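Please open the model in your viewer and keep the selection tool at hand. The tour goes from the whole chain to single side chains.

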Amino acid sequence: MPNHLHGIIQLNQFHHSKECSAATDKNSNFRKITPKQNSISTIIRSYKSAVTKTCNQLGYPMQWHNRFYDHIIKDQEAFHNIDDYIKNNPQKWAQDKFHS
């Protein structure tokens, strides 16, 4: 789609920390809320940064939304449904309210 994109990211490892202690200083607070390495947030941030840099170098105007929508795919059926949606989505561009 010219005005948005869809993708599937597969994470091979997941680490969950149960750490929940109260922070005592400003830097500690920021460390707790800053996206962690290899998290969805850092992956998306890196992708947006690389695409923005390339678009700027090529002179293409573009703008990102501040947020992104994520969804955890829990089984093969959900994966196939989402995969089909992504593959078929460009065919709907003519019906998009931003299509000119």
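The stops below begin with the overall fold and end with a pair of rings.

This is a predicted model, in which local features need pLDDT of at least 70 and side-chain atom pairs count only at pLDDT 80 or more, while totals for chains, interfaces and linings use all residues. Residues are numbered from 1 along each chain as its sequence is written, and side-chain values use heavy atoms, with hydrogens and water left out.

Select the protein chain and colour it by secondary structure: there are 3 helices and 0 strands, in the pattern α-α-α along the sequence, where helices are DSSP runs (H or I) of at least four residues and strands (E) of at least two, numbered from the N terminus. Of the 100 residues in this chain, 8% are buried, a word that stands for under 20% relative accessible area, with exposed meaning over 50% and partly exposed the range in between (1.4 Å probe, protein chains only).

Next, select residues 76-88, which form helix H3 with its 13 residues. At the start of H3, show the side chain of Asp-75, one oxygen of which comes to within 3.3 Å of the backbone nitrogen of Glu-77.

Finally, select Tyr-47 and Trp-64, whose ring centres lie 6.2 Å apart with planes at 65°, so the pair is edge-to-face (centres within 6.5 Å; planes under 30 degrees apart are stacked, over 60 edge-to-face, the rest tilted; for Trp the six-membered ring is used). Tyr-47 belongs to helix H2 (residues 40-58), whereas Trp-64 sits in the loop between H2 and H3, 17 residues apart. Tyr-47 is partly exposed at 43% relative accessible area, and Trp-64 is also partly exposed, at 27%.

Notes:
Expected span 1.5 Å × (residues − 1). Polar contact = N/O pair within 3.5 Å; in protein donor to acceptor, adjacent residues only side chain to side chain.
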